[in-house]
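Hi everyone, thanks for coming. Let me put the structure up, and then I'll walk you through a helix, a core and a helix pair.

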Amino acid sequence: MRYFVRKTGFLILTVWVAVTLNFVIPRLMPGNPAQAMMAKFAQQGPISPAQEKALALMLGLPTGSLWSQYWNYLWDLVHGNFGISYSYFPQSVSSVILNALPWTLILVGLITILQFVVGTLLGVYAAWNRGKKFDSTATVLLSFTSAFPYFWLALALIYVFGFILKWFPISGGYNGALAPAFNGQFIGSALYHSVLPAITIFITGVGGSLLGMRNNMINTLGEDYILLARAEGLKNRTIAIRYAARNALLPIVANFAMSLGLVVGGSLLMETVFAYPGMGYLLETAVSNQDYPLLQALFLCITISVLLANFAADIVSGILDPRLRKGAVR
Amino acid sequence: MTVERTQDPSSYVEQQQAATVLAPVYGQSDAPIDPFPTKEPNAFQVVWSNKKARIGIIILAVFVLMAIVGPWIAPYSLTDTHFPPGKGPSLAHWLGTTQSGQDVLTQLLNGARVSIFVGFVSGAIVICVALVVGFVAGYFGGWVDDVLSLLMNVMLVLPGLPLMILIAAYIPHHGIGEIILVMSITGWAFGGRTLRAQMLTLSRQDYVVSAKFAGESSLWIIFREILPNMLSYIIANFFGAVTGAILAEAGLEFLGLGNPSITSWGTMIYWAQNGDALLDGQWAWIIAPGLCIALLAASLTLINFGIDAVANPRLQED
């Protein structure tokens with residue numbers, strides 16, 4: 001029980017750190033983005049003090065002491081009030097994000113889990129047949145593919161399958177002629193558009209899962225209890241799956257978070273290449289338009305999603321591994 | 001003489017975890033450590049004898065050479081923009097030309113410097129921070145360890161790229177120094193935790209305990225007794241950090257958060273993407289820099305297979 005309490009505490013702590021970093025970083029940097037924004041407006045003509053005040057209110061320029069700013073910020077967060085987006089004016093940041101979130105969550109979430117499962121299974125196979133053809137080909141090939149920058153692989157795939165072969169659409173998340181709706185036509189179009197993004201995430205992610213599981217499994221296969229199992233004359237399949245893989249998997253699940261952070265980061269860049277209407281594309285828009293309210297809210301949403309996924313992985317590994325629960329190990 | 005693995009369960013699982021994260025790059029970390037490695041073949045021979053590592057070393061050497069002599073062997077001047085713009089590969093321009101009439105091959109050869117420089121400098125800073133934090137936490141233990149470990153764990157779960165983007169977006173001036181800074185701030189936690197686990201194990205070995213009883217100072221023990229025995233972990237972590245930095249730099253530059261007027265592989269892809277290079281059929285402009293980034297990053301990963309073999313005999317190829 002203590003294990004779960006501690007993990008919950010850690011979740012709360014990390015969320016607080018993310019929230020606070022989000023508050024502190026803009027204030028640590030020289031210059032004030034909102035003032036830069038005002039300067040931009042000022043170039044188009046002189047600003048009267050009244051206009052300046054109106055602008056400051058609209059952009060949500062911070063007022064008051066740092067402490068009261070912090071409390072106001074927390075208060076706004078709790079109420080889901082992230083301000084107004086500069087680049088999607090006059091839409092609120094939260095409505096812009098809510099439109100984008102499902103796209104990323106479904107695509108990146110599903111494919112990440114898929115590549116994790118497939119990569120782990122292949123890793124078991126590679127470790128068991130260590131040094132054979134599949135193992136040596138896969139390890140070299142996949143250390144290469146997992147070194148691909150996501151966005152670059154996305155570009156290459158677009159060029160080959162979108163531009164030359166014309167099998168798949170080049171950009172977007174659905175056919176622009178269709179209105180988003182829950183009908184077969186729209187979902188079909190969305191699926192069709194998601195093929196290349198999905199392949200990108202899968203190819204760049206699967207290498208890490210495979211290599212991680214392979215190396216862990218090799219270590220596990222060197223343990224005494226595997227030798228014992230062999231001596232007992234158990235079937236290879238039983239040894240590989242029931243004895244070695246199960247134990248090799250535990251640390252992998254526990255470290256799901258780190259790989260998740262990488263995958264999410266890479267997927268964000270991938271989305272900008274495909275102009276896929278998710279969080280990554282928004283992030284690029286926010287960066288190139290200096291849309292700071294949107295940027296900050298995106299950072300928080302992405303980070304908190306990763307933290308929640310990590311928390312889930314912690315809970316799962318706590319259930320799988322009694323040593324963690326019993327507090328025998330940290 | 002082989003020293004038994006420490007019986008402390010906490011360090012054991014920490015290592016197991018650390019090992020798994022790094023596994024693609026790096027391997028297990030609780031191998032018995034031989035404090036008297038004189039009988040062994042020297043470390044470079046072990047690394048070199050690994051086929052994957054040998055491929056990696058050769059690729060890396062080619063890129064380093066490219067970074068050194070690139071600007072001299074480039075066919076044209078970097079500032080030369082009078083070529084027919086947006087042309088595909090030809091005899092005069094092996095990789096074609098850019099939208100603004102520059103030679104892509106010339107850019108590629110010049111860009112090697114930036115990517116390698118940023119990668120290795122960031123990697124070096126990251127590993128130094130990781131070493132200090134990891135060593136202090138692992139060696140002194142107690143509340144120092146608790147605080148630093150918590151800090152590292154928090155930094156580890158925060159997704160790196162979004163944090164880098166947030167920081168980079170607020171920095172008013174975008175240059176190489178800023179990119180290195182951003183990556184140094186965000187990248188150290190991973191190495192820190194791995195090195196801490198190593199430190200924890202090593203600092204409880206008999207020979208270290210006896211050095212303590214003999215009255216050696218902490219610094220002496222850390223640098224003379226412990227550091228040499230975890231050199232392979234440090235190097236593996238260093239290469240891991242360099243790989244991460246190279247990929248992250250490319251990502252930041254691709255988003256336009258680098259300095260677009262510097263010629264690097266990341267900014268080349270940024271300009272190619274903005275210039276619709278693919279739709280004009282100028283594929284070489286995008287493929288070439290991306291392939292270089294991928295090859296460079298992969299070469300470091302491959303070298304780490306060999307370094308793993310030094311640290312962990314189980315992973316040595318028969």
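**A helix, a core and a crossing**

Let's start with H7(A), where the buried residues are Tyr150(A), Phe151(A), Trp152(A), Leu153(A), Ala154(A), Leu155(A), Ala156(A), Leu157(A) and Ile158(A). Buried here means that 20 or more other C-beta atoms, placed from the backbone, lie within 10 Å of the residue's own. Helices are DSSP runs of H or I, at least four residues, numbered from the N terminus.

A word on the source: this is a predicted model, where local features need pLDDT of at least 70, side-chain atom pairs count only at pLDDT 80 or more, and totals for chains, interfaces and linings use all residues. Residues are numbered from 1 along each chain as its sequence is written, with chains lettered from A and ligands numbered from 1 in the order in which they are written.

Back to H7(A): Lys166(A), with a positive phi near 55 degrees, follows this helix.

Now, which residues have the most contacts inside the largest nonpolar core? They are Ala154(A), Leu282(A), Leu298(A), Met164(B) and Ile165(B), in a core of 148 residues. Such a core is a set of buried Ala, Val, Leu, Ile, Met, Phe, Trp, Tyr and Cys residues joined through C-beta atoms within 7 Å. Helix H12 (residues 283-311) of chain B gives the most to this core, 20 residues. A second, separate core has 22 residues, including Trp128(A) and Leu250(A).

Finally, H8(B) passes H9(B) in a right-handed crossing (near helix turned clockwise from the far one by less than a right angle). Ala211(B) of H8(B) and Ile221(B) of H9(B) are among the residues making the contact, meaning C-beta atoms within 7 Å.

How values were computed. Buried ≥ 20, exposed ≤ 12 C-beta atoms within 10 Å, placed from the backbone. Helix = DSSP H or I, 4+ residues; strand = E, 2+ residues; numbered from the N terminus. Contact = placed C-beta atoms within 7 Å.
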